[in-house]
Structure formats: C-alpha cells, structure tokens
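Please look over the sequence and the model shown here before reading on. The paragraphs that follow lead through charged side chains and then through a pair of helices.

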Amino acid sequence: MTAQVLPPLNAAELEQVARRDASEQLIVVDREDREIGPAGKLEVHVDGRLHRAFSILVFNARGELLLQRRADAKYHFANRWSNTCCGHPRPGETTVAGAGRRLKEEFGFRVPLTERNELIYRAEDQASGLIEHEYLHIYHGHFTDDPQPDPSEVGAWRWMSVAAIRRALRMHPEWFTPWFAILVDRLLPPED
C-alpha cells in the first residue's frame with residue numbers, strides 16, 4: 001500500500017498548532033521515572049530535560065505496523081516517518097490515559113493499549129535545534145480499519161511490514177525519527 005497523504009495546513013491552522021504547543025505542560029522526571037514537576041513543552045525541548053513520554057505501535061491483522069509521517073507543522077523532527085503515535089501525558093494524567101488520548105487525537109480511534117517496555121533516549125533535531133530526552137513508555141495495540149488522522153499531527157500514513165521497515169531504515173535512515181530506529185532495533189522481531 002502506498003502512503004495516504006493529508007492536505008497541508010493553512011496559515012491560521014499553523015498558528016493554532018503553535019499556540020497549542022506553546023501552552024502545553026509536560027512532566028519532568030528523573031532517570032527512575034519519578035516526577036520532578038511540570039514544565040512547558042517547548043522549554044523542556046530547548047533545555048533537553050528528561051521528561052515522561054510514550055510511543056505507540058499499532059499493528060493490523062497482517063502484522064503490519066501503522067506508520068505516520070509527522071506533519072510539517074511539528075515543532076521538531078517534522079516530515080519524518082515514525083511509529084503510529086507519540087506524545088506526553090499531561091500533569092495529573094496517567095501515561096496510559098495520555099497514550100489513549102493522543103492516539104484518538106492523532107488518528108481518530110481508540111484501542112486497548114498494552115505497555116511492553118520502557119527506555120530512555122536522547123536525540124537532537126539538527127533542523128530545529130530542539131532536543132528530545134525522554135523516559136519512554138512503549139505501548140502496543142491492534143486496529144483493522146483505516147484511521148482518520150488529524151492533518152495538524154500527521155502528514156501521511158501507511159501500513160508497512162516489519163521487514164520493509166527494516167529495509168527502509170537501512171537504506172534511508174534520514175527518513176525516520178531517531179526514536180523509531182531504536183524501537184525497531186530493540187522491540188520488533190528480526191527479519192527471517
């Protein structure tokens with residue numbers, strides 16, 4: 001299946017996305033995922049502070065993973081292919097509740113999510129100068145229909161086999177987010 005491309009946002013929609021990002025609060029944590037306190041989303045990514053986050057991997061009945069190309073309005077790692085959904089729980093929100101909320105916001109559906117792993121990683125986006133430093137909770141889910149993505153979040157989407165993902169990562173690592181490469185390497189089954 002080829003990628004399904006979404007229409008770009010207009011200027012007013014881009015401004016709304018920027019305001020939303022500027023007002024959002026994240027949970028800063030220590031290396032044991034103990035909460036230190038809230039902080040602004042953009043300031044955390046400027047400073048590179050460790051914060052709580054999640055990544056979601058949603059598979060269909062054929063074992064293909066739902067990928068998204070991050071929208072060009074994203075504040076960092078824009079236009080890069082990545083796992084189904086990423087995000088941050090809000091202060092006072094459980095991580096799994098935040099993951100369910102973001103999956104619905106980004107792709108328009110909810111599914112049961114199971115936490116499979118945790119890891120810490122750090123990556124700098126050369127284009128924006130922002131730093132992603134996350135204590136990452138990784139969730140898996142299953143979905144069989146076509147999603148209804150939000151174009152302020154998702155620029156394109158597609159279902160892709162793990163073998164095809166691994167080949168694409170080897171040939172064009174620059175097409176993907178750095179955390180996605182880590183997730184594929186550590187968590188998805190090796191090629192036969």
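**Charged pairs and a helix contact**

Glu 93 and Arg 101 are joined through their side chains by a salt bridge, with 2.9 Å from N to O; the term stands for a side-chain nitrogen of Lys or Arg within 4 Å of a carboxyl oxygen of Asp or Glu. This is a predicted model, in which local features need pLDDT of at least 70 and side-chain atom pairs count only at pLDDT 80 or more, while totals for chains, interfaces and linings use all residues. Residues are numbered from 1 along each chain as its sequence is written, and side-chain values use heavy atoms, with hydrogens and water left out.

Are the two partners buried or exposed? Glu 93 is buried, because its relative accessible area is 18%, and Arg 101 also counts as buried, at 11% relative accessibility. Here buried means under 20% relative accessible area, exposed means over 50%, and partly exposed lies in between, for a 1.4 Å probe and protein chains only.

A salt bridge also connects the side chains of Arg 102 and Glu 153, at 2.8 Å from N to O. This pair links distant parts of the chain, since Arg 102 lies in helix 3 (residues 95-107) and Glu 153 in the loop between strand 9 (131-142) and strand 10 (154-160), 51 residues apart. Helices (H or I, at least four residues) and strands (E, at least two) are DSSP runs, numbered from the N terminus. Both Arg 102 and Glu 153 are buried. Through shared partners, salt bridges join Glu 93, Arg 101, Arg 102, Glu 105, Glu 106 and Glu 153 into one network.

By the same rule, the count comes to 11 salt bridges. One of them pairs Arg 62 with Glu 64, whose closest N and O atoms are 2.8 Å apart. In this pair Arg 62 counts as exposed, because its relative accessibility is 65%, whereas Glu 64 is buried, with a relative accessible area of 18%.

Now turn to the helices. The axes of helix 4 (residues 162-171) and helix 5 (residues 178-187) come within 11 Å and cross at roughly 130°, where axes are lines fitted to C-alpha atoms, for helices over the stretch in contact, and angles run from 0 to 180 degrees between N-to-C directions. Helix 4 is therefore oblique to helix 5, because angles under 35 degrees count as roughly parallel, over 145 as roughly antiparallel, 65 to 115 as roughly perpendicular and the rest as oblique.
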